[in-house]
Amino acid sequence: MTAPLPLSGVRIIEPGQVWALPYAISPLAAYGAEVIKLESAVRPDSSRGSPQPDSQVGDQPWNNGGMYHEANRNKLGISLDLNTDRGKELFKELVSVSDVVAQNFPPRVMRNFGLDYPELRKIKPDIIVLDSTAYGSSGPWENYIGYGSSLQAVTGLTYLTGYEDSGPVQGGILFNDTLGALNATYAILLALAHRERTGQGQWIDLSQYEAGVAHLGEAFMEYEMNGVAPTRRGNSHPDYAPYGLYLCAGDDGWVSITVTSDAEWANFVRAVGEAWASKRDWETAESRLSQRKSLDEAIGRWTRDKDKHEVMHLLQSGGVACGAVYNTRDIATDAHHADRGFFEISQHPEPVGSRPHSAPLFGLTGVDRPPDRLAPRFGEANRKVFQELLGRTGQEYDELMDQQVISDVPANPGVTPPPDPEELLRMGFLAERDLEYKSRLGI
Amino acid sequence: MNDTALKDVKVIDLTQHIAGPYCTKLLADYGADVIKVERPDGGDPARRMGPFPGHESHPEKSGIFLYLNTNKRGITLDLKSDAGRASLLELVRDADVLVESYSPRVMPSLGLDYQTLSQVNPRLVMTSVSSFGRNGRYRDYRASELVLYALCGMAYITGEYHREPVKHGYNQAQYLGGVAAASGTVAALLGLWRGGHGQQVDVSILECAISTLFTTFSDYTYAGLVSRRQPSQGSSLRYPAPTKEGYILPTPGVMGDWATYAAMAEVPELQDPKFATPADRQLHSGKIDDLLKAKWLEKTAEEWFHHAQEWRFPFSPVNTMEDISGSLQLEDRGYFIEFPHPAVGTLRYPGASFRMSETPRRQAMPAPTLGQHNEEVVEGATL
């Protein structure tokens with residue numbers, strides 16, 4: 001027996017950019033919400049163009065970017081110029097028939113448009129408005145801007161990432177955008193739950209700075225309890241050894257091995273099955289920790305001529321926590337993800353073609369989630385929204401087009417030619433350019 | 001007095017360590033009545049994880065446990081005994097939600113799989129958060145934060161070019177799993193209230209960690225490009241740069257144009273046409289580094305932060321926990337909360353990740369001592 005989609009009948013307007021907001025809304029769209037993504041022709045979502053299929057800028061490149069398709073499936077797309085009076089009027093009309101407005105401009109933008117929460121609730125008293133900002137909608141930094149990379153630094157994560165003997169390191173590209181997105185999804189669901197039971201809407205002020213610090217609670221508690229700011233410790237753990245990465249065979253191949261109990265160490269010794277591992281000195285946690293260096297060297301000698309995947313499966317079968325250091329190719333082609341259907345292939349028009357995208361991060365096993373609908377082309381749902389939903393006539397629609405209040409084509413697509421992959425490879429920015437990737441992905 | 005969003009939602013919490021407790025903390029902080037069930041012999045293993053005041057281990061003084069378990073009541077039950085399981089089933093009968101974070105084999109082996117629990121309570125939402133998810137060939141594999149960072153692809157692209165990959169500090173994957181599990185729980189409750197029925201929610205912490213890759217993952221699936229740890233050329237734009245005092249992250253951002261960036265940084269040489277496009281800048285990144293790295297040393301990180309923000313560039317200082325503790329922005333917004341706990345006294349804790357105007361985060365009740373609410377909850381169940 002399957003239940004209706006939990007968000008069916010909920011309409012969300014998403015004036016959202018890049019990742020932190022669009023990705024927050026994407027599971028809500030997958031589970032039934034009608035999401036209207038709103039862009040302006042002058043400043044379309046800058047994720048639309050990247051990365052281009054096979055690094056070739058084709059026709060309408062703003063409809064072809066991989067990151068855009070990852071975060072915007074199952075949504076409707078409209079364009080609306082909020083700088084115009086008619087644009088603002090149409091936005092308010094849309095709000096009057098919607099449940100949620102979720103946006104990630106800095107606080108001054110919607111305020112200057114006269115479209116912030118105090119204004120919108122006059123039009124729709126039970127509206128839910130989420131403002132996702134870098135630093136929150138008040139305080140001395142309220143108008144400061146930040147991207148995922150900036151947030152990683154200001155929240156303390158950058159300082160706490162890196163090698164023990166070297167400076168702070170940025171992890172990944174825009175990590176904190178996803179962190180902000182996951183928190184925004186939860187906040188909207190809470191507000192919908194409250195409205196479901198009481199009929200009351202509300203305003204959510206999400207500061208990605210604050211959300212990021214909340215994910216470092218124990219680091220903050222360390223400072224609060226002992227007055228010393230914690231610092232970087234590479235991949236090591238204060239209480240356990242072995243706990244680290246070990247070099248394997250092949251180009252830049254690594255495996256992680258972590259042993260967090262004496263029983264798990266016994267599993268390790270049994271799985272390795274070689275004399276060097278059964279050293280009496282290493283049977284207790286204290287001795288392994290104090291002899292961490294010689295232990296790591298011995299394990300490194302054992303792994304260095306072995307394949308990272310083989311080490312992982314050998315040790316895991318023996319009951320040891322172990323994982324190969326995966327690159328994006330390893331992830332996209334891993335059998336476990338295929339077993340779970342984590343990547344789902346969608347068929348797009350050329351030049352995109354068929355591509356895998358990831359499923360929502362929470363699986364509701366009691367509902368039948370319908371197959372994904374493609375992310376909208378720029379302005380794709382203009383007619384549906386402005387004529388069918390808001391009742392504009394064909395003539396009025398054409399006028400809005402002529403006055404460029406709405407548009408089917410971005411005035412400023414913002415798609416720049418990507419760097420030549422061969423040059424990036426030569427300079428060391430890429431590990432590999434895999435010419436067989438499509439056959440590996442089965443697309 | 002305000003309502004809470006999850007008022008009257010009763011949650012049985014069988015979680016331990018970080019991801020599961022963070023999920024139930026998020027439910028509890030926004031109003032759910034969370035009953036944390038711990039094993040009688042020692043309780044949640046997080047009680048033995050640091051930090052501790054004075055670095056001395058004590059089961060009621062773990063900083064991570066105290067942080068992750070605010071607003072919950074705590075009881076002890078031995079789920080390996082018939083009596084313990086019977087008490088749990090009694091609790092489940094009246095609950096709306098059960099959250100568990102065991103390895104997927106454990107609940108069925110205790111006779112507490114979703115099928116059994118849903119017979120006791122057909123409207124139950126059961127949320128299972130695990131390292132690899134409820135199915136798939138790695139379901140029973142073991143994990144740690146480092147193993148998850150290896151498998152999620154984040155370690156491979158993080159660190160210095162010639163050195164080993166490195167994970168993010170602390171337990172980022174666990175927290176992401178916790179938030180996704182909280183979302184799944186409330187989405188399932190919403191479905192139930194809107195005419196649906198109970199169901200099981202499945203969250204894989206690994207998948208949550210993979211979702212943070214977004215740009216590099218599409219680089220592979222759209223173009224076959226495999227990212228790695230980056231060479232140091234171009235690091236003056238991407239990585240923390242030493243200043244006169246502290247490190248700054250001098251992000252040019254995607255919106256700002258390059259000529260304005262050059263003017264803001266007060267380095268006119270950067271306006272040379274050979275640096276015009278992002279692709280040009282990547283190719284000439286070594287030259288850009290030479291120009292900028294010397295420049296960053298002329299001001300402190302704090303000065304560069306405010307200077308660049310006035311020009312609308314998203315620079316940020318590389319903060320330590322001491323900086324965060326003294327942050328004027330966080331202080332102005334009243335972010336930190338402070339309350340007493342019987343074992344550690346009054347401490348400051350990080351507050352809400354987001355502010356809700358009508359259903360704000362609850363006033364904090366400190367984390368429970370082991371078995372603190374045994375009598376109260378058992379009596380409540382029999383009333």
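Author: Strands (E, at least two residues) and helices (H or I, at least four) are DSSP runs, numbered from the N terminus. This is a predicted model, where local features need pLDDT of at least 70 and side-chain atom pairs count only at pLDDT 80 or more, while totals for chains, interfaces and linings use all residues. Residues are numbered from 1 along each chain as its sequence is written, and chains are lettered from A and ligands numbered from 1 in the order in which they are written.

Reader: OK, what stands opposite Ile204(A)?

Author: Met356(B), which sits in strand 13 of chain B. Strand 6 (residues 202-207) of chain A and strand 13 (residues 354-356) of chain B run antiparallel, joined by 3 bridges.

Reader: And what's the strand order in that open sheet?

Author: The order is 3(A)-2(A)-1(A)-4(A)-5(A)-6(A)-13(B), 7 strands with mixed pairing. Strand 3 (75-79) of chain A and strand 13 of chain B are at the edges with a single partner strand each, so one side of each has no neighbour in the sheet.

Reader: Switching topic: how many residues does each chain put into the contact?

Author: Chain A gives 142 residues and chain B gives 133, where contact means C-beta atoms, placed from the backbone, within 7 Å. Helix 7 of chain A gives the most to the side of chain A that touches chain B, with 17 residues.

Reader: How do helix 7 of chain A and helix 7 of chain B cross?

Author: The axes of helix 7 (residues 175-198) of chain A and helix 7 (residues 172-193) of chain B come within 9 Å and cross at roughly 25 degrees. Axes here are lines fitted to C-alpha atoms, for helices over the stretch in contact, with angles from 0 to 180 degrees between N-to-C directions. The two helices are therefore roughly parallel, a label for angles under 35 degrees.

Reader: Which residues of the two helices meet there?

Author: Among them are Leu182(A), Tyr186(A) and Leu189(A) from chain A, and Val179(B), Ser183(B) and Trp193(B) from chain B.

Definitions and conventions
Angles under 35 degrees count as roughly parallel, over 145 as roughly antiparallel, 65 to 115 as roughly perpendicular and the rest as oblique. Two strands pair if DSSP finds at least two bridges between them.
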